[in-house]
Amino acid sequence: MTDIETTGGYAAANGITEICIIVFDGEKVIDRYETLINPVHRIPSYIQAMTGITDEMVADAPLFEEVAEDIYEILKDRIFVAHNVNFDYSFIRSQLRYCGYEYDAQKLCTVRLSRKIIPGLRSYSLGNLCHSLGIRHVNHHRAGGDAEATTALFHLLLQRDTEGHILKSLKRNSKEQVLPPHVPKSDFERLPTTPGVYYFHDEKGKVVYVGKAKNIRHRVSSHFSNNSTGRQKQNFMRYVHRISFEECGTELMAAIKESSEIKRLWPRFNASQKKREDVFGIVCYADQNGYLRLAVDKVNGRTEVISSYHHYENASAALRQLVQDFHLCPRLCFIKEQLYDEQAHAAYCKGACEKLEPVESYNERVTQALEKLKAQPSFAIIDKGITDEQRSCILVWQGKFYGMGFIASDLAIETPEQFKELVTPYRENKVITHMLFSYAKRYPSKVKFF
């Protein structure tokens, strides 16, 4: 049994402050190794308070590299057992590798084994397990005390394992060694090998991570089976309690669903795409003299927007283009004077800003400009569905992502209005828009324009 105390939650940027290894043959303890370790850098105050291990205590302790050979010799060719095994294993494996030792062992997690062999308990933390099962546990949060308690717990599990869960966990194709300690193996076994999105949930069921995949089962497995010692891997191991999924038919649909869900759920461990987007639009209104005026404004849901853009510069460029194409007055479109000198202003404006051009003629050109602005392409991307009896459909309406869904393979649809009735609307964002137009350009055979 192995237990360590550390300076932080993940191996890539933290060190070990104490280690205890108890060699147990199933009936009795045959060897023991225990020592404080100098982690080189400062121990955070909250960890000092929790473990009782201070900077002064480890100041004269050996560096890990000084004890690496002893640790490797006692661990090699043995099964690595720990409570929440992947945490301890990741630290020790990382430190041994740094010192030149390539360590790879079979693992057993007493959290996962306890859930299987002794189901129905309120908590499977080491302290609560010991309290529930009458196991003596002294020196909490110290490597020696926790390793002794884990040894006693494992001995009890061996005695109660009437269904052979321990041996099953050691089989090569078992996921018990790599899954987070709290995730039921049944969650993993339900995962399909099709494209879609997957969700990691915390103890309360809240989504903490959303991902996309061409093969959901393979991608989820890669999160836990790689050798990463970074923060994200360790956070997954600690916080993930459930895995759910949604099949999407195609990789493109999965990518769209992932982007939409990240914006909607704002999951704790998703780093990308978690930036608030300001959307700008071209708006139109009549002033007190009756002239239609165009302007760029931030989309706020209270003003009707003729056309929206994810960057202010793009919205301004589109408005300037309308001024040039339809000879609109720059001043009535709130375009800065420095962009147009007097000669250029005269070339576009026919006197509306001075009330010299009739309202009717000027507004007619504004109306024509707005019609052009609205004339953005509408198309559907049609591809395979989840089953042979259906096709996937992604609808772009007037240049913006509208929604997606599935339609029967034998259903004939000709108009975009029919598609709008069959797909589920989604909120559009710049990542999705860029994705769709790039895909349509690469795969024109899958695109149906209206």
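User: Thanks! Which residue stands opposite Cys-284 in strand 10?
Analyst: Leu-294 stands opposite Cys-284 there. Before going on, this is a predicted model: local features need pLDDT of at least 70 and side-chain atom pairs count only at pLDDT 80 or more, while totals for chains, interfaces and linings use all residues. Residues are numbered from 1 along each chain as its sequence is written, and side-chain values use heavy atoms, with hydrogens and water left out.

User: How many bridges join strand 9 to strand 10?
Analyst: Strand 9 (residues 280-286) and strand 10 run antiparallel, joined by 7 bridges. Strands (E, at least two residues) and helices (H or I, at least four) are DSSP runs, numbered from the N terminus. Two strands pair if DSSP finds at least two bridges between them.

User: What is the strand order in that sheet?
Analyst: The order is 10-9-11, an open sheet of 3 strands with antiparallel pairing. From one strand to the next, the twist averages 30°.

User: Which helix packs on it?
Analyst: Helix 13 (residues 312-326) does, touching strand 9, strand 10 and strand 11. The direction of helix 13 makes about 165° with that of strand 10. Helix 15 (residues 359-374) also lies across strand 9, strand 10 and strand 11, at about 40° to strand 10. Contact here means heavy atoms within 4.5 Å. The angles run from 0 to 180 degrees between N-to-C directions, with axes fitted to C-alpha atoms, for helices over the stretch in contact.

User: New topic: is strand 1 buried or exposed?
Analyst: Buried: 5 of the 5 residues of strand 1 (residues 2-6) are, so strand 1 is largely enclosed by the rest of the structure. Buried means under 20% relative accessible area, exposed over 50%, and partly exposed in between (1.4 Å probe, protein chains only). Thr-2, Ile-4 and Thr-6 point one way from strand 1, with Asp-3 and Glu-5 pointing the other way.

User: How does strand 1 pair with strand 2?
Analyst: They pair in the antiparallel sense over 5 bridges, and Glu-5 stands opposite Glu-18 in strand 2.

User: How many residues does the largest nonpolar core have?
Analyst: The largest nonpolar core has 46 residues, and Ile-19, Phe-80 and Ile-92 are among those with the most contacts inside it. A nonpolar core is a set of buried Ala, Val, Leu, Ile, Met, Phe, Trp, Tyr and Cys residues joined through side-chain atoms within 4.5 Å. Elements giving two or more residues to this core include strand 2 (16-24), helix 4 (85-98) and helix 7 (143-160). A second, separate core of 26 residues includes Leu-292 and Phe-326.

User: What does Ile-92 touch?
Analyst: Leaving out residues up to four places away in sequence, Ile-92 touches Thr-2, Ile-4, Ile-16, Ile-19, Ile-71, Leu-75 and Phe-80.

User: Last one: where is His-182 found?
Analyst: His-182 is in the loop between helix 8 (165-169) and helix 9 (185-189). His-182 is partly exposed, with a relative accessible area of 21%. The side chains of His-182 and Arg-115 are joined by a polar contact of 2.9 Å. A polar contact is a pair of N or O atoms within 3.5 Å; within protein, one must be able to donate a hydrogen and the other to accept it, and residues adjacent in sequence count only if both atoms are side-chain atoms.
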